[in-house]
Amino acid sequence: MKKTTLLMVCALAMIHGGAFAHGVEKHGKNHSDAQMDRFHKMMPMYAQAQVKINGALQKGDAATVESEAEKILATIPDLKKAKPHKNLEKISTFKKIAAAFGSEVTATAALAKKGDLTGASAAFKKAEGKCNECHAEFRD
């Protein structure tokens, strides 16, 4: 009986300790932090838009490039407010990368609107580079 009680106390302590160490935010599909929830919903949308933009650039479809870039641009204010999972002490770097990403996507949309798909492609490659830079520094 004492062993069972001791095991239960240890198990509860481990569960509570793990939850305490993780903090108040939840990971997965639902977050208690609304901003983190929006942040996690942006990333799959960015991946989908990236595929569509690259495909549209190859096909010469400026309208799709512009519309998909606009979808990304609509999320930039939330991206700039977001906090990454790690390296929180480098939040200013995160915000600079987010701002540069927004600038490159803005350039992509503007160039596509003008019909300059070569320029739009170059701008979007820089935007993709900002994604990679941010993920290397801040992603779990």
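**Thr-75 and its surroundings**

Guide: Neighbours within four places in sequence aside, Thr-75 is in contact (heavy atoms within 4.5 Å) with Met-42, Met-45 and Tyr-46. This is a predicted model, where local features need pLDDT of at least 70, side-chain atom pairs count only at pLDDT 80 or more, and totals for chains, interfaces and linings use all residues. Residues are numbered from 1 along each chain as its sequence is written, and side-chain values use heavy atoms, with hydrogens and water left out.

Visitor: Where is the place of Thr-75?

Guide: Thr-75 is in the loop between helix 3 and helix 4. Helices here are DSSP runs of H or I with at least four residues, strands are E runs of at least two, and both are numbered from the N terminus.

Visitor: Does Thr-75 count as buried or exposed?

Guide: Thr-75 counts as buried because its relative accessibility is 14%. Buried means under 20% relative accessible area, exposed over 50%, and partly exposed in between, with a 1.4 Å probe and protein chains only.

Visitor: On to helix 2. Which of its residues are buried?

Guide: Among them are Phe-39, Met-42, Tyr-46, Ala-49 and Ile-53. The buried residues of helix 2 pack against helix 3 (62-73), helix 4 (76-81), helix 5 and helix 6.

Visitor: What span should helix 2 have?

Guide: Its 26 residues should span 38 Å at 1.5 Å a residue. The expected span is 1.5 Å times one less than the number of residues. The end C-alpha atoms of helix 2 are 37 Å apart, which agrees.

Visitor: What comes just after helix 2?

Guide: Gly-60, with a positive phi of about 75 degrees.

Visitor: Which helix gives the most to the lining of the largest pocket?

Guide: Helix 6, with seven residues. Helix 2 (34-59), helix 5 (91-114) and helix 6 (117-138) each supply at least two.

Visitor: And the whole protein: how many helices and strands?

Guide: Six helices and zero strands. Buried residues make up 29% of the 140 residues.
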